[in-house]
Amino acid sequence: MTRARMPRPHEVAAARRDTRLLRAMHERQQDEAWRTRGLCQSVDPETFFPAPNEPADAAIALCHTCDVQGACLAWALEVGDCYGVWGGTTPRERRAMLVAWRGEHGPPALTDAAGPLVRGRRLTPVPLGR
């Protein structure tokens with residue numbers, strides 16, 4: 001098994017502007033019962049965990065029609081889940097979003113002049129690779 005690479009700066013910059021990430025940040029911790037209302041409840045779980053060479057198109061299409069997509073993605077980013085499809089994103093997309101989620105700068109909507117804020121608290125950069 002190969003090790004996943006760190007996202008490149010342009011991928012992280014694109015992730016910061018991704019509407020799915022912005023929605024996840026907005027819906028973060030607003031809905032504790034999101035799992036019970038997910039459309040994924042009616043589908044075989046294997047759909048959301050395709051083999052590495054298989055497309056995840058069916059899972060992503062289902063996620064795009066789901067009302068709890070933002071809360072689902074927020075959960076995956078919060079716990080750092082790097083497998084399967086969560087909130088309509090692939091593991092590769094989430095790696096870049098995770099850097100933005102936990103990152104040094106945060107998304108523009110949650111940053112003030114002194115740096116990133118999440119839930120009113122200032123984020124401190126976390127060194128990567130240690």
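**View 1. Helices α5 and α6 where they pack in the predicted model.** In this predicted model, in which local features need pLDDT of at least 70, side-chain atom pairs count only at pLDDT 80 or more, and totals for chains, interfaces and linings use all residues, the axes of helix α5 (residues 69-79) and helix α6 (residues 91-102) come within 10 Å and cross at roughly 75 degrees. Residues are numbered from 1 along each chain as its sequence is written, and side-chain values use heavy atoms, with hydrogens and water left out. Helices (H or I, at least four residues) are DSSP runs numbered from the N terminus, and their axes are lines fitted to C-alpha atoms over the stretch in contact, with angles running from 0 to 180 degrees between N-to-C directions. From α5, residues L73, A74, A76, L77, E78 and V79 meet R94, M97, L98, W101 and R102 of α6, where contact means heavy atoms within 4.5 Å. The residues of this contact divide into eight nonpolar, no polar and three charged; Ala, Val, Leu, Ile, Met, Phe, Trp, Tyr, Cys and Pro count as nonpolar, Asp, Glu, Lys and Arg as charged, and the others, Gly among them, as polar.

**View 2. Helices α1 and α2.** Helix α1 (residues 9-17) packs against helix α2 (residues 19-27) at an angle of about 55 degrees, with the axes 5 Å apart, and the two helices are therefore oblique to each other. On the α1 side the contact is made by A15, R16 and R17, and on the α2 side by T19, L21 and L22. These residues divide into three nonpolar, one polar and two charged.

**View 3. V99 in helix α6.** V99, which lies in helix α6, has a relative accessibility of 22% and so counts as partly exposed, the class between buried (under 20% relative accessible area) and exposed (over 50%), computed with a 1.4 Å probe on protein chains only. Although V99 and M6 are 93 residues apart in sequence, their C-alpha atoms are 9.0 Å apart in space. Leaving aside residues up to four places away in sequence, V99 touches M6, P7 and V12.

Key:
Parallel < 35°, antiparallel > 145°, perpendicular 65-115°, else oblique.
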